[in-house]
Amino acid sequence: MTAPHYVTVDPLFEEYVNTARPPEQIADGFTWTEGPVWLDGQLFFNDIPNKRMMRWSERTGVQVALGQSEFANGNTLDLNGQMVSCEHGGRRVLRRIDPQDPDAVEVVADSFEGKRLNSPNDVVVRSDGTIWFTDPPYGINSDIEGYPAESEIGGCYVFCATPDGTLHAVATDFDKPNGLAFSPDEKRLYVADSGAIKGASFPGIDYDLPHHIRMFDVDGTVLRNPRVFAVVAPGVPDGFRVDHEGVVWTSALDGIHCLSPDGALIGKIRLPQQTSNICFGGAAGHTMFITSSDKVYRVESTRRDAAHVLKDRERKPA
Ligand code: MG
């Protein structure tokens, strides 16, 4: 029997998640958590409005990792296992050489055609080293998650930064592009559009505006054949991850929705507040860490991040 903490739509969900155990709250007392990423045996995540990055491990509990995070939001890892972060305050994407030193950073991108970016929100790295990120205005349209300012670009783009430093605007027709992730074979890119929320806070959702995940075919630094992968409700999709078999785990107002590679709802991890993101971590990479409003949860699963598939492939001798 499924516990009320979970909703099983397809029996597969019971194979994916240990539904006998409720989601376990591992951290509390923040304002708005985002950017979960597993690095060096610890979970790092941002408490965006309080301008700090936190870290958690079973052994040490919760500690402040960085007290001057400048409203940093989405985090991911690059090919060398270094953290790549979106920073609203500096309106840039950074590589953190030392995640606990605010000055140990390299700027990946801060402008496009001479104009400052809006406020990079979420980021993913492809196995060719290209860095893909979204640039909605959530960090410049109020003082909750950044410093109020006019958009210089005048749009909300999805960008791809190539290792030579060139920035490509790969999608320019989103309302508010948000989370993004590749399929396991990296032939598809998924990008959330959270246009239905009108500011940095919930509620206030206009369901006539986008609250879906779009899917593209990836051809080098060009995105082709855009289509809607799944409409997400209640709430909007913010951050999400794709697992090793192409199953999509997306945030929503009522927790995490599990979607098949065809976009069908398989099940839900139900949480009491708007959820912002999820990542895979833990010793074996099977633990789901979920940032949800002012709290962080974990759920045991049989899944792994799609990016691990490529890393495993690279490790195997030809
Ligand atoms: Mg986001």
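1. Basis. The model is predicted: local features need pLDDT of at least 70, side-chain atom pairs count only at pLDDT 80 or more, and totals for chains, interfaces and linings use all residues. Residues are numbered from 1 along each chain as its sequence is written, and side-chain values use heavy atoms, with hydrogens and water left out.

2. Strands around β24. Strands here are DSSP runs (E, at least two residues), numbered from the N terminus. Two of them pair if DSSP finds at least two bridges between them. Strand β24 covers residues 265–270 and runs antiparallel to β1 (residues 6–8), with 3 bridges. Thr8 has Gly267 of β24 as its bridge partner. Strand β23 (residues 255–259) is also antiparallel to β24, through 5 bridges. Here Gly255 stands opposite Arg270. β23 and β24 form a hairpin with 5 residues between them. Check Gly263 in that turn: its phi is positive, about 90°.

3. Magnesium site. Asn121 (OD1), Asn178 (OD1) and Asp238 (OD) coordinate the magnesium ion at 2.1 to 2.2 Å. Donors are N, O and S atoms within 2.8 Å of the metal (3.2 Å for Na, K and Ca); water is not among the atoms, so sites may look incomplete. Along the chain the donors are spaced N-x56-N-x59-D. Buried means under 20% relative accessible area, exposed over 50%, partly exposed in between (1.4 Å probe, protein chains only).

4. Aromatic pairs. The whole structure holds 14 aromatic pairs. Rings of Phe, Tyr and Trp (its six-membered ring) pair if their centres lie within 6.5 Å; planes under 30 degrees apart are stacked, over 60 edge-to-face, the rest tilted. One of the pairs is Trp38 with Phe289, stacked at 5.3 Å centre to centre and 10° between the planes. Trp38 lies in β3 (residues 33–39) and Phe289 in β26 (residues 287–292), so this pair ties together parts 251 residues apart in sequence. Phe289 is buried, with a relative accessible area of 2%. Phe112 and Tyr157 make an edge-to-face pair, 6.4 Å centre to centre and 90° between the planes. Phe112 is in β11 (residues 111–112) and Tyr157 in the loop between β14 (131–134) and β15 (158–161), so parts 45 residues apart are tied together. Phe112 counts as buried at 13%, as does Tyr157 at 18%.

5. Ring cluster and charges. Tyr6, Phe13, Tyr16 and Trp249 are linked into a cluster by ring pairs. The charged end of Arg303 sits over the ring of Tyr16, 3.8 Å from its centre. Arg214 places its charged end over the ring of Phe174, at 4.4 Å from the centre. The criterion is NZ of Lys or CZ of Arg within 6 Å of the ring centre and within 35 degrees of the ring normal.

6. Ser85. This residue lies in strand β8 (residues 83–87). Ser85 counts as buried, at 0% relative accessibility. Which side chains make polar contacts with that of Ser85? Asn75 does, at 2.6 Å, and Arg96, at 3.0 Å. A polar contact is a pair of N or O atoms within 3.5 Å; within protein, one must be able to donate a hydrogen and the other to accept it, and residues adjacent in sequence count only if both atoms are side-chain atoms. Leaving aside neighbours within four places in sequence, Ser85 is in contact (heavy atoms within 4.5 Å) with residues including Gly74, Arg92, Val93 and Leu94.

Definitions and conventions: Helix = DSSP H or I, 4+ residues; strand = E, 2+ residues; numbered from the N terminus.
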